[in-house]
Amino acid sequence: MADQKEEAVMEEPNLMKERKVSWAKLRRVDSLNLEAGRVPSMSKSHSSQDTLRRTLILAFQSIGIVYGDIGTSPLYVYSSTFTKGILHDDDVLGVLSLIIYTIALIPLLKYVFIVLLANDNGDGGTFALYSLICRYAKVSLIPNYQPEDRELSHYKLETPSNQLKRAEKIKQKLESSKLARLVLFIATIMGTSMVIGDGVLTPSISVLSAVSGIKSLGQNAVVGISVAILVILFAVQRLGTDKVGSSFAPIIFVWFSFLTGIGLYNLFKHDIGVLRAFNPWYIVQYFKRNGKQGWVSLGGVFLCITGTEAMFADLGHFNVRAIQLSFSCITFPALVIAYAGQAAYLRKFPDDVDETFYKSIPDPLYWPTFVVAVAAAIIASQAMISGAFSIICQSLSLGCFPRVKVVHTSAKYEGQVYIPEINYLLMIACVIVTASFQTTEKIGNAYGIAVVSVMVLTTCMVTLIMLVIWKTSIWLIALFFVVFLSLEVVYMSAVISKFIEGGFLPLVFALFLSLVMGVWHYIHKKKYMFELTNKVSSDYIKNLATNSNINRIPGMAFLYSELVQGIPPIFPHFITQIPSIHSVLVFVSIKPIPISRVLLEERFLFRQVEPREYRMFRCVVRYGYNDVMEEPKAFEQQLVEQLKEFIRHQNFQSAAVENLTAAEPILPPSNVKAPKGSSSRAVHVEESLPDTGSNRVSSASSIQSFSSRIVAAPVRGAEEEMQFVQEAMEKGVVYLLGETEVVAEHNSSLLKKFVVNHIFSFLRKNFRQGDKAMAVPSTRLLRVGMTYEI
């Protein structure tokens, strides 16, 4: 008995400690995070769960989407390299050796086996790299970070090694340096602009080079047919790639089969000795013989790897293993054999260098090859056009591009989008470029600068990821950076030498698009900072609740704002103009998250605005850069269902806290501070949430464990509140949008006034407004104007 009493005495303090811990957990669980607590565990990337069969299917499908551009390069590489003819027989071997090792080092080694690993939960591209860095270090220019964001399933980062002082120092420098954050952002939008520019150059050079097979009709006819094909290509974009996408992979596979067969035919018929080009010594001899002209010719050699960035940018549609398999086993061998076969033909017929590809085709295969070449060129163009649409969608979600209409063309494949305004602008640009330049040689001069610029940017950003996130050995990082940056800088120096001959074109595209994106993002940030500085105080809300002049009208209202840290200043302006508030009011903030996708059950975060009986809520709706915003009806239903679930959990939590405090008065931890003026039932606690998912799940489970002891009254109260919200939605949902006009302050500089009052104003008036971008029905829309001085 004595032992049992002693054990009971020992257990009592432990029980008290457990109660304290449980109370602390309840207090530390932000109400916004309850939905996330119900997620069993962090979901893994789809690539880790793919079976071998699925990977093989994806590898085959990737042939049609990813390799159309790099696969059509044999149409024009030799003609772009030997612009002044072949001066020495061994020059062909030197260029072939350059082509082989360029493809082996940059697409195969750098991209397939290194860069693809720097994906953002399965998505690739410049924005994916930027979002990955933004998640680990707070380098975003808009200060809308919330502790709850770290609890998203796809937000967490898995680092392969322990924390290192080097990584922490770099991270701190990035976060503390405004210049570093600005440079990173500018580099990202410049790289993105270059890729969008590829959407102009790829269709032009691919279609023109394919149609050049009928040059007997004359150059004007070739250009005219190319323009007609381009117009048709852009005109059918509105149908979406889903309807013709199933034929892409077989066509490109047939194209690679033609390349391989024709290459082997030329090798065995003309000169199999060109395989000596695998010896890199021929590269050294080539530069010794040709000097500066050899260096200039690198601009043509570089065209053999155009489209390499597509392997990374289109990763989200496939997986790493599929890309690695398809490139290593199909694309790489086919390209090497094709270039070797053309080199063998040129050793015997060096005067045919201007039309190497079509001259080297056996007569019986000429027209079938021509038809497949045109189809492959169209597919290559389609891939880059679709890629440009996807990149602009990512830019939109991160507030870096003016609002445009985005049409999702496929219910089966969510990544397939169509943007009418951008489509017609690209078409006009393609037609102008094709009609003006007329030859693949001149377009190639412009094409190389765009591609190599993106590659240099990718090398720098992946190096930063290695330093800060992967925490790789410094020697391996240095090897990666020095080797690949040196190669790319050499190629960049060669293509820049052709600046006057057309190389200026992608830089003009990039500068124009970067200006548009930079100005839009700058004003976007300034607007956010204005709202953050002038957000509504809690005293205003309390006084509003007791103001007899404010009428409550039945129904539900969504007041939209980008502010996530409070109530926007547009709200008092609404009250001043229309002294009425709906029976349920939700302040909705659409927040882009630097990840590709947010799970639906983790999308909505809620907080109650005091006093509770006034039924006003704040809701942050989080979207990844690849997420699709729902139609208004579906969005309303999702938001209301999540709101009712929040009300239920809020009552459970309040009752559980009351149970614990009634059983044992426990002082809250010193680091937890309740908001001023909040009642004992307030849920919102402004503090950092625990980093680990285990704390999150255990905290949520502790709430559930107390639910069985909650008295009936709070539960009935929850049911009544939920019913009230449901009835309010059924009476009608009204969307309240603030038409904010942004102007520069009177004491601003002339440059700032020009940017804000003229450039931004022009973009805002000529692109889509917020209600059209969100597809809000005009019959349920109420807009109130307000001017922000920034």
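Helices here are DSSP runs of H or I with at least four residues, and strands are runs of E with at least two, numbered from the N terminus. The model is predicted, so local features need pLDDT of at least 70 and side-chain atom pairs count only at pLDDT 80 or more, while totals for chains, interfaces and linings use all residues. Residues are numbered from 1 along each chain as its sequence is written, and side-chain values use heavy atoms, with hydrogens and water left out.

**Exercise 1.** Determine where E441 is placed and whether E441 is buried, partly exposed or exposed.

Solution. Step one: E441 belongs to helix α21, residues 440-470. Step two: buried means under 20% relative accessible area, exposed over 50%, and partly exposed in between (1.4 Å probe, protein chains only). Step three: E441 counts as partly exposed because its relative accessibility is 35%.

**Exercise 2.** Compare the span of helix α22 with its expected span, and name buried residues of α22.

Solution. Step one: the expected span is 1.5 Å times one less than the number of residues. Step two: α22 (residues 474-496) has 23 residues, for which 33 Å is expected. Step three: its first and last C-alpha atoms are 31 Å apart, close to that value. Step four: the buried residues of α22 include F480, F484 and Y491.

**Exercise 3.** Locate R615 and describe its phi.

Solution. Step one: R615 lies in the loop joining β5 (604-609) and β6 (616-623). Step two: R615 is not a glycine, yet its phi is positive, at about 55 degrees.
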